[in-house]
Amino acid sequence: MAFDLEMIKTVYNGLGERVEAARRVVGRPLTLAEKILYAHLYNGAPGKAFERGVSYVDFAPDRVAMQDATAQMALLQFMQAGKVKVSVPSTVHCDHLIQAKEGAEEDLAIANSENKEVYDFLASVSNKYGIGFWKPGAGIIHQVVLENYAFPGGMMIGTDSHTPNAGGLGMLAIGVGGADAVDVMAGMAWELKFPKLIGVKLTGKLSGWASPKDVILKVAGILTVKGGTGAIVEYFGEGSENMSCTGKATICNMGAEIGATTSVFAFDQSMVEYLSGTGRADIAEAANAVAAHLRPDAEVYADPATYYDQLIEINLSELEPHVNGPFTPDAAWPISQFAAAVKEHGWPEKLEVGLIGSCTNSSYEDITRAASIAEQAVSKGLAVNAEFTVTPGSELVRYTVQRDGLLDTFAQMGGVVLANACGPCIGQWARHTDDPKRRNSIITSFNRNFAKRNDGNPNTHAFVASPEIVTAFAIAGDLTFNPLTDTLTNKEGQQVKLDEPRGLEMPPQGYAVEDAGYQAPAENGSGVQVIVDPNSDRLELLDPFKPWEGTDLMGLRLLIKAQGKCTTDHISMAGPWLKYRGHLDNISNNMLIGAINAFNGEANSVRDYVTQGDGYNAVPQVARNYKAMGIGTIVVGDENYGEGSSREHAAMEPRHLGVRAILVKSFARIHETNLKKQGMLALTFANKADYDLIEEGDTIDILGLTEFAPGKPLQIRLHHADGDTDLITVNHTYNEGQIEWFKAGSALNLIRQQQASGSNLSQK
């Protein structure tokens with residue numbers, strides 16, 4: 001039996017009418033993404049067409065999903081919104097706070113003890129406000145959502161950047177910050193700039209070592225980490241029909257690495273089979289009844305270049321396995337070229353660890369294909385030359401693969417099974433190493449490989465590949481090994497070659513689980529108490545941010561001019577800092593400590609004109625010093641600032657420590673929205689060369705705020721230490737509603753003001 005079946009039926013009952021209305025207003029056939037977008041307008045059936053990449057549109061998502069690290073801040077904010085229950089089906093998933101160290105059982109026990117305060121808070125606040133709660137060990141949010149909540153044609157937002165995983169089941173699932181989630185849970189509209197559309201036409205059929213992971217690894221190489229920004233990537237063609245539902249989810253999941261708003265596949269038989277196999281045959285039946293609306297129109301298939309802003313074609317029959325990295329997920333290497341690249345760049349050839357699983361690749365099909373390689377290590381007498389770990393995506397998958405003997409296969413190979421959690425993928429990894437700063441190589445089936453992300457070591461060269469390729473490399477222990485062509489020497493001195501991987505899309509005996517880890521909320525949560533210890537260092541009730549003072553911002557100090565890549569990992573690191581995700585002041589001690597100062601080439605070292613004279617100090621401390629003196633600050637950044645995770649802490653921490661504006665060459669989508677939600681100024685150079693005008697000792701004025709209006713640039717006056725000044729123009733993308741967020745001090749402040757005044761919020 002499916003969750004929220006009546007809600008899904010309601011979506012399907014109105015789908016045909018809304019799609020037809022959209023065709024009329026747009027005046028042409030529609031892509032799948034357009035059908036879902038127009039079917040989820042907040043104000044009902046569409047009355048006008050929207051311009052891609054230009055129009056801001058209010059949407060009504062069907063549900064919200066939150067992982068434990070981001071749910072803390074989201075729910076602390078929701079508690080301020082004055083609501084008694086969430087307005088749409090919502091869930092919390094405890095997957096981020098479990099550190100991988102010894103193995104599943106030991107690590108989960110430690111997490112339950114160390115994080116008890118946070119888990120109790122999340123369980124109680126979920127119970128009070130009607131939110132489904134998935135306990136620690138239940139699984140990674142995206143795999144659990146795919147198994148239980150995703151449905152073709154739906155729209156979901158989630159407080160994690162890999163929420164698009166659900167696109168494998170034909171859903172528009174979009175990663176957002178917690179403030180966006182609060183809006184939707186409070187019954188408000190969710191605003192998004194109407195996305196552009198990138199079409200990826202897949203022909204042929206995967207075979208041999210090639211896998212769905214290789215599709216997105218290749219696409220990442222084509223589009224780069226920002227090539228999908230502001231766009232939905234829509235996959236179609238005969239090749240997609242020949243691919244498993246979970247394989248499609250892998251592709252959509254890692255679409256976050258190209259900056260895409262989300263990715264999606266059309267409804268097909270693989271989705272019917274997956275829905276039925278996971279106990280949702282009733283949803284499959286309902287989707288079949290509206291199948292024509294869950295696919296692009298025939299004219300789109302016939303002439304895709306006319307309907308997409310960009311078109312990419314990939315022949316799956318010719319696709320090579322890829323390995324991407326190091327340090328960025330878009331450095332794409334076909335396996336035939338990878339060994340040469342390793343040697344040419346001087347990357348450490350010896351492989352130390354291979355890690356498979358995560359939210360990207362932990363399906364039954366992934367595990368069986370990797371296990372077919374692991375079995376060969378045993379049967380062919382091969383020594384395994386690297387550490388090897390397996391992270392199941394959910395308890396449903398873990399229990400099923402254990403029942404089917406696959407975990408025993410990995411154990412025979414020497415593998416360690418970790419908890420059903422994010423673990424090493426997000427830096428929750430107590431890595432066994434003799435030198436935490438040594439140059440070394442690891443390879444994973446995860447999605448991200450930024451420097452320091454997995455183990456905190458900036459010299460760890462992390463590469464990304466499919467689970468079967470990772471398993472083969474772990475056996476070889478050598479990054480110059482090509483499993484498609486090369487042989488290995490077994491324990492008897494014989495040369496042996498690995499056979500192609502074999503896998504099963506679905507378990508022949510069906511899925512099974514004893515305790516999936518779900519806790520339903522109370523029917524009436526009015527009597528449930530949510531208690532936060534005022535002395536806690538893990539949780540802290542929020543104070544509203546101050547509203548705009550109504551004037552231009554004068555005399556700001558430059559906090560840091562960040563050089564090069566500055567992701568949300570640089571702005572607000574994960575790993576050991578995850579424990580403070582519910583305590584804004586404590587976690588603010590990690591603000592921008594990974595960003596590289598353009599003036600000295602160092603991290604976490606900026607001029608401190610308050611306490612150090614001309615000396616240097618840590619970024620958070622300098623910010624606190626300025627804040628204590630009532631001096632606002634500004635952060636300057638490079639291209640694609642805020643790339644990576646959806647974590648809104650990267651926006652809330654600067655706001656909390658007195659940063660008034662972020663001025664960059666360009667923003668990643670989610671981070672720009674998060675900054676706006678928190679009442680920050682997110683600005684871009686009208687002339688990118690003006691980045692070079694910013695000097696270390698500058699004081700800065702932001703001019704034009706008293707006439708702040710959509711499409712109207714602002715100006716910035718730079719006062720240099722030598723007495724000279726520069727006046728530069730800066731752009732913004734604020735619409736009228738977002739300007740009101742800025743004036744109120746945050747979007748949440750505006751919601752609370754409207755609630756208090758009883759104004760018409762046009763709630764669902």
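Trainee: Which residues touch the most other members of the largest nonpolar core?
Mentor: Keep in mind that this is a predicted model. The largest nonpolar core has 182 residues, and Y12, L75, Y235, F410 and F473 touch the most other members.

Trainee: And which helix gives the most to this core?
Mentor: That is helix α1, residues 5-26, with 8 residues.

Trainee: Let me zoom in on Y12. What does Y12 touch?
Mentor: Leaving aside residues up to four places away in sequence, Y12 touches F151, P152, I283, A286, A287, V290 and L294.

Trainee: Which residues does the second, separate core include?
Mentor: That core has 50 residues, and L558, V635, Y691 and V730 are among them. As background, nonpolar side chains in soluble globular proteins tend to be buried together.

Trainee: Switching to rings: how many aromatic pairs does the count come to?
Mentor: The count comes to 26 aromatic pairs.

Trainee: Are they buried or exposed?
Mentor: W134 is buried, with a relative accessible area of 3%. Y518 is partly exposed, at 29%.

Trainee: What about Y364 and Y511, how are their rings placed?
Mentor: They form an edge-to-face pair, 6.4 Å centre to centre with 80° between the planes. Y364 lies in helix α15 (residues 364-379) and Y511 in the loop between β20 and β21, so the pair ties together parts 147 residues apart in sequence. Y364 and Y511 are both buried.

Trainee: Which residues form one aromatic cluster?
Mentor: W333, F338, W347, F463 and F473 do.

Trainee: Last topic, strands. How many strands close into a barrel?
Mentor: There are 7, in the order β22-β25-β26-β27-β30-β29-β28, with mixed pairing. Neighbouring strands of this sheet are turned by 40° against each other on average, direction ignored.

Trainee: How do β28 and β29 pair?
Mentor: Strand β28 (residues 699-703) and strand β29 (residues 714-719) pair in the antiparallel sense over 5 bridges. D701 stands opposite R717 in β29.

Key
Residues numbered from 1 in each chain as written. Predicted model: local features only at pLDDT ≥ 70, side-chain atom pairs only at ≥ 80, totals over all residues. Heavy atoms only, no water. Core = buried A, V, L, I, M, F, W, Y, C linked by side-chain atoms within 4.5 Å. Buried < 20%, exposed > 50% of the residue type's maximum accessible area, 1.4 Å probe, protein only. Helix = DSSP H or I, 4+ residues; strand = E, 2+ residues; numbered from the N terminus. Contact = heavy atoms within 4.5 Å. Phe/Tyr/Trp six-rings, centres within 6.5 Å; stacked < 30°, edge-to-face > 60°. Pairing = 2+ DSSP bridges. Axes fitted to C-alpha atoms, helices over the stretch in contact; angles between N-to-C directions.
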